Amino acid sequence: MSWISRFVYANWNYLMGALVLLMVFICGVQIGESRIQREWNSEKLRVALVVAKQEQRAADVQQSQTQINREISNEYAKNAKALGSRLPSLRTVGVCSSTPISAGSVPTVSEAPAGAASPPADALSLTVGDAGAVSCAQLSKDAAQTTLMLLEVQRWYQEQSALQP
């Protein structure tokens with residue numbers, strides 16, 4: 001018998017114990033590694049799910065905003081067209097009325113009180129060319145258009161605000 005065989009027979013219990021310990025250690029490492037890998041995979045899945053939900057929410061909000069913008073734009077165009085067709089009838093009733101105003105129906109304006117400052121000489125003076133270019137009809141058209149724009153912007157803001165959480 002060689003010295004290796006005698007050594008193995010003499011220390012058989014120790015060698016088997018060391019072998020068992022080595023196998024237990026390797027199994028423990030494998031079990032721990034698989035547990036950590038499972039937890040890591042589930043964490044990656046949770047993160048991917050959260051990211052997917054956020055992307056879906058962003059896409060939904062973007063689609064809703066686009067739809068709101070389209071609806072507001074279409075309604076504005078429709079209202080502007082309807083407003084344009086009604087302007088001639090508004091001129092005879094409103095500011096552009098050609099009927100003279102009697103002096104008795106307009107209250108008189110008293111003089112400025114002594115404590116008030118007089119207006120500056122260069123306060124928004126109009127040149128002669130500007131005064132003739134802006135007509136009463138144009139002013140009423142611009143006012144109606146501006147009012148329509150303001151109403152549509154307010155409605156757009158309300159609908160956009162409703163999308164935000």
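What follows is a working chat about a predicted model of one protein chain.

Student: What share of the 165 residues is buried?

Tutor: Buried residues make up 7% of the 165. The accessible surface of the chain comes to about 14100 Å². Carbon and sulfur atoms hold 65% of that surface.

Student: What about contacts? How much comes from residues 24 or more positions apart?

Tutor: Take the contacts with a separation of 6 or more. Residues 24 or more positions apart account for 93% of them.

Student: Let's zoom in on helix 4. Where does it run, and which of its residues are buried?

Tutor: Helix 4 covers residues 136–163. Its buried residues are A144, L148, E152, Q160 and L163.

Student: What span should helix 4 have, and how far apart are its end C-alpha atoms?

Tutor: Helix 4 has 28 residues, so at 1.5 Å a residue the span should be 40 Å. The end C-alpha atoms are 41 Å apart, which agrees.

Student: Q160 is on that buried list. What is its relative accessible area?

Tutor: Q160 has a relative accessible area of 8%. The cut-off for buried is under 20%, so Q160 counts as buried.

Student: What does Q160 touch, leaving out residues up to four places away?

Tutor: Q65, I68 and N69. With Q65 there is also a polar contact between the side chains, at 3.1 Å.

Student: Now E152. Buried or exposed?

Tutor: Buried, at 8% relative accessibility. E152 sits in helix 4.

Student: Which residues does E152 touch, again skipping those up to four places away?

Tutor: I72, E75, Y76 and N79. The E152 side chain also makes a polar contact with the side chain of R155, at 3.2 Å.

Student: On to charges. How many salt bridges does the structure hold?

Tutor: Four. E75, E152, R155 and E159 are linked in a network of them.

Student: Take E75 and R155. What is the N to O distance?

Tutor: It is 2.9 Å for that salt bridge. E75 lies in helix 2 and R155 in helix 4, so the pair ties together parts that are 80 residues apart in sequence.

Student: How accessible are E75 and R155?

Tutor: Each counts as partly exposed. E75 is at 29% relative accessibility. R155 is at 23%.

Student: And E159 with R155, how far apart are the closest N and O atoms?

Tutor: They are 3.2 Å apart, in another salt bridge. E159 and R155 are four residues apart in helix 4, about one helical turn. E159 is partly exposed, at 24% relative accessibility.

Student: Why do residues three or four places apart point the same way?

Tutor: An α-helix has 3.6 residues a turn, so residues with that spacing point the same way.

Student: Which residue does R46 form a salt bridge with?

Tutor: E43. The closest N and O atoms of that pair are 2.6 Å apart.

Student: How are R46 and E43 placed in helix 2?

Tutor: They are three residues apart, which separates them by about one helical turn. R46 is partly exposed, with a relative accessible area of 49%. E43 is partly exposed too, at 36%.

Student: Switch to the surface. Which residues make the nonpolar patch?

Tutor: W12, M16, L19, L22, M23, F25, I26 and V29. The patch is about 790 Å².

Student: Pick V29. Where is it?

Tutor: V29 is in helix 2, which covers residues 12–93. V29 has a relative accessible area of 40%, so it counts as partly exposed.

How values were computed:
Residues numbered from 1 in each chain as written. Predicted model: local features only at pLDDT ≥ 70, side-chain atom pairs only at ≥ 80, totals over all residues. Heavy atoms only, no water. Patch = residues over 30% accessible without salt bridge, like charges linked within 9 Å, V, L, I, M, F, W, Y side chains within 5 Å. Areas by Shrake-Rupley, 256 points an atom, 1.4 Å probe, with all protein chains shown as cover. Salt bridge = Lys/Arg side-chain N within 4 Å of Asp/Glu carboxyl O. Helix = DSSP H or I, 4+ residues; strand = E, 2+ residues; numbered from the N terminus. Buried < 20%, exposed > 50% of the residue type's maximum accessible area, 1.4 Å probe, protein only. Contact = heavy atoms within 4.5 Å. Expected span 1.5 Å × (residues − 1). Polar contact = N/O pair within 3.5 Å; in protein donor to acceptor, adjacent residues only side chain to side chain.
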